[in-house]
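Dear colleague,

Please find below the structure that I am handing over to you. My notes on the sheet and the salt bridges follow it.

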Amino acid sequence: PHSLKLSASQVWEGPKFLNAAGAFSTETFSRIDVNATYTNANWKGFSIFADAVIYPDSRVDETQFLFGPAGLQEPAVSAKAPVSVLVGVFFPL
């Protein structure tokens with residue numbers, strides 16, 4: 001009656017060019033995704049879950065962009081948290 005599903009993956013991305021000329025680019029970075037879901041047959045379809053995203057290398061390259069007027073653009077970032085976790089309950093409808 002118990003079901004536990006676990007999964008994890010690591011993805012490497014980059015470098016990617018931020019402009020057509022290739023003058024600005026990101027570094028290669030990785031992201032780790034971890035997921036866990038638990039359900040019980042007696043719960044009538046309800047389940048609980050936890051998801052985590054981990055940035056072991058760089059927290060800025062995934063969201064790096066160019067900012068400013070044309071010709072004067074500079075790289076800017078929206079840094080991610082090193083670890084983010086989401087925990088919840090699934091309610092069947």
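Strand β2 (residues 29-40) pairs with strand β3 (residues 47-54) in the antiparallel sense, over 8 bridges. Here strands are DSSP runs of E with at least two residues, numbered from the N terminus, and two strands pair if DSSP finds at least two bridges between them. The bridge partner of threonine 39 in β3 is serine 47.

This is a predicted model, in which local features need pLDDT of at least 70 and side-chain atom pairs count only at pLDDT 80 or more, while totals for chains, interfaces and linings use all residues. Residues are numbered from 1 along each chain as its sequence is written, and side-chain values use heavy atoms, with hydrogens and water left out.

The open sheet has 4 strands in the order β1-β2-β3-β6, with antiparallel pairing. Because β1 (2-13) and β6 (83-90) stand at the edges with a single partner strand each, one side of each is left without a neighbour in the sheet.

There are 2 salt bridges, a salt bridge being a side-chain nitrogen of Lys or Arg within 4 Å of a carboxyl oxygen of Asp or Glu. Glutamate 13 forms one with arginine 31, their closest N and O atoms being 3.6 Å apart. Glutamate 13 lies in strand β1 and arginine 31 in strand β2, so this pair ties together parts that are 18 residues apart in sequence. Aspartate 33 also meets arginine 31 in a salt bridge (3.6 Å, N to O). Through shared partners, Glu13, Arg31 and Asp33 are joined into one network.

Kind regards
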